[in-house]
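Take a moment with the model before reading on.

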Amino acid sequence: MPSSTMDPNNTFESLKGVYKIVKKLGEGGFGEVYLTDYTVKNASNSEQAALKEIALRGIDEEEKEECKKEAELMERISKSSTNQHIVKYLDSFMTPDHRNLYIAMDYCSRGDLSSKIKANVRSERQFDPEIIYDYIYQIADGINELHTKYKIAHRDLKPANILIALEGDKEVLKISDFGMVKVIESLNITQSHSKQCGTPRYMSPEQHALAPCRFYVVDIWAIGIIFYELCIAPKRLANEMEDLWEKVMDGQRVYLPSRYSAADTTWLNRMIAKKPDERMSADQICDKAKDPNNRNQARENILFYCKKLC
Ligand SMILES: Nc1ncnc2c1ncn2[C@@H]1O[C@H](COP(=O)(O)OP(=O)(O)OP(=O)(O)O)[C@@H](O)[C@H]1O
Ligand SMILES: [Mg+2]
């Protein structure tokens, strides 16, 4: 049975297998994530898995069951999907005293996109534009799967929720924590002392307006902000956000650094359009990110602004 401590070598047992704690990987607003050696029941060899511990402080049994159900939904979605940009959830279980919820998922050995951005900011390095287009493609491809196949919006898309695995010698980005928003919302109501859920920096204007929305377009806004953040690095997003926000609210264009084309700027502005229905779809973002010729179509510019004038 799971014990309460996450010390190395401590083991946790679920119906599916046994997790042996190796080390702590990181922590977020609602819990900590550990690297574990995971042995499936009756198997002889183990594999690496990440185990997320979420404290279910102060919520009633019914809400705890809701959290568990949501975790099971994440597991079902990630198991039935063949999309390589969605993190695979392996298992979820609660301690017998129902104090903690544990969610096991594939271990992504390269950490998360947020750490990568921070490293570039620290070392004053820019991202190679081709890498940015590739990252945006991968993120939009995973989000498109959630939107079109499973009809769910992520609603907390941010670099810390984009994990990086190494497959062969390629970095493969994996969207994590989809479905977590519902779990976190119920914790937020009761854990007033806990840190804020996620960061408001990637939240769309309609989310800031506290409109309770499950619309897909909030994720498009977040992809746009991530694109902007990657393009302006090593400048910090935190320092640029106020200006971006003012421009968007004022109906002005937000510009990328001069090394980016006018078409890239148009692309950005279509992802972070103030009006949700003017934002492009995840599928359209994939098309653009995949094909550099697409990004450079000047007529995009004209079409978008004609549409705005009409
Ligand atoms: N599957 C994983 N493989 C490798 N590292 C992981 C994995 N899942 C999480 N991590 C690491 O643990 C950190 C904490 O994750 P967690 O989701 O708890 O927090 P967060 O995303 O920063 O914030 P939030 O509480 O809003 O989700 C991540 O930023 C990442 O560095
Ligand atoms: Mg997270």
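Which strand gives the largest share of the shell around ligand 1? S2 does, with three residues. This is a predicted model: local features need pLDDT of at least 70, side-chain atom pairs count only at pLDDT 80 or more, and totals for chains, interfaces and linings use all residues. Residues are numbered from 1 along each chain as its sequence is written, while chains are lettered from A and ligands numbered from 1 in the order in which they are written.

Start with the overall inventory. The protein has 11 helices and eight strands. Both are DSSP runs, numbered from the N terminus: helices are H or I with at least four residues, strands are E with at least two. Of the 310 residues, 36% count as buried. A residue is buried if 20 or more other C-beta atoms lie within 10 Å of its own, exposed if 12 or fewer, and partly exposed in between; C-beta atoms are placed from the backbone. Now take contacts between residues at least 6 apart in sequence: 64% join residues at least 24 apart. Here a contact means C-beta atoms, placed from the backbone, within 7 Å.

Back to the ligand. Domain 1 (11-106) and domain 2 (113-309) both give residues to the shell around ligand 1, so the ligand lies between them. The domain bounds come from an automatic or database domain assignment. The residues around ligand 1 number 23, and Gly26, Gly28, Val33, Ala50 and Ala160 come nearest. A residue is near the ligand if its C-beta atom, placed from the backbone, lies within 6 Å of it. S2, S3, S4 and S6 (100-106) each supply at least two residues of this shell. By class, the shell has 10 nonpolar, eight polar and five charged residues. Ala, Val, Leu, Ile, Met, Phe, Trp, Tyr, Cys and Pro count as nonpolar, Asp, Glu, Lys and Arg as charged, and the others, Gly among them, as polar.

Next, find Lys52. The residue is in strand S4 (residues 47-55). An unreviewed UniProt entry places the feature "binding site" at Lys52. UniProt positions are given in the numbering used here, feature names are shortened, and annotations may be inferred rather than shown by experiment. Lys52 counts as buried because 25 C-beta neighbours lie inside 10 Å. Leaving aside residues up to four places away in sequence, Lys52 touches Gly31, Val33, Tyr102 and Ile103.

Gly29 sits in the loop between S2 (17-27) and S3 (31-40). With 16 C-beta neighbours inside 10 Å, Gly29 counts as partly exposed. Gly29 and Ile54 are 25 residues apart in sequence, yet 9.4 Å apart in space, C-alpha to C-alpha.

Turn to the backbone. Most residues other than glycine have a negative phi, and most peptide bonds are trans. His98 has a positive phi near 60°. His98 lies in the loop between S5 (89-94) and S6. Glu124 also has a positive phi, near 55°. Its loop runs between H2 (113-122) and H3 (129-148). Glu124 is exposed, with 9 other C-beta atoms within 10 Å. A cis peptide bond joins Ala233 and Pro234, with omega about 15°. Pro234 is in the loop between H6 (217-232) and H7 (237-249).

Strands S7 (residues 162-167) and S8 (residues 170-175) run antiparallel, joined by six bridges. Strands pair if DSSP finds at least two bridges between them. Ile164 stands opposite Leu173 in S8. Two residues separate the strands, and Gly168 takes a positive phi near 65°.

Conventions
Two residues are in contact if their C-beta atoms, placed from the backbone, lie within 7 Å.
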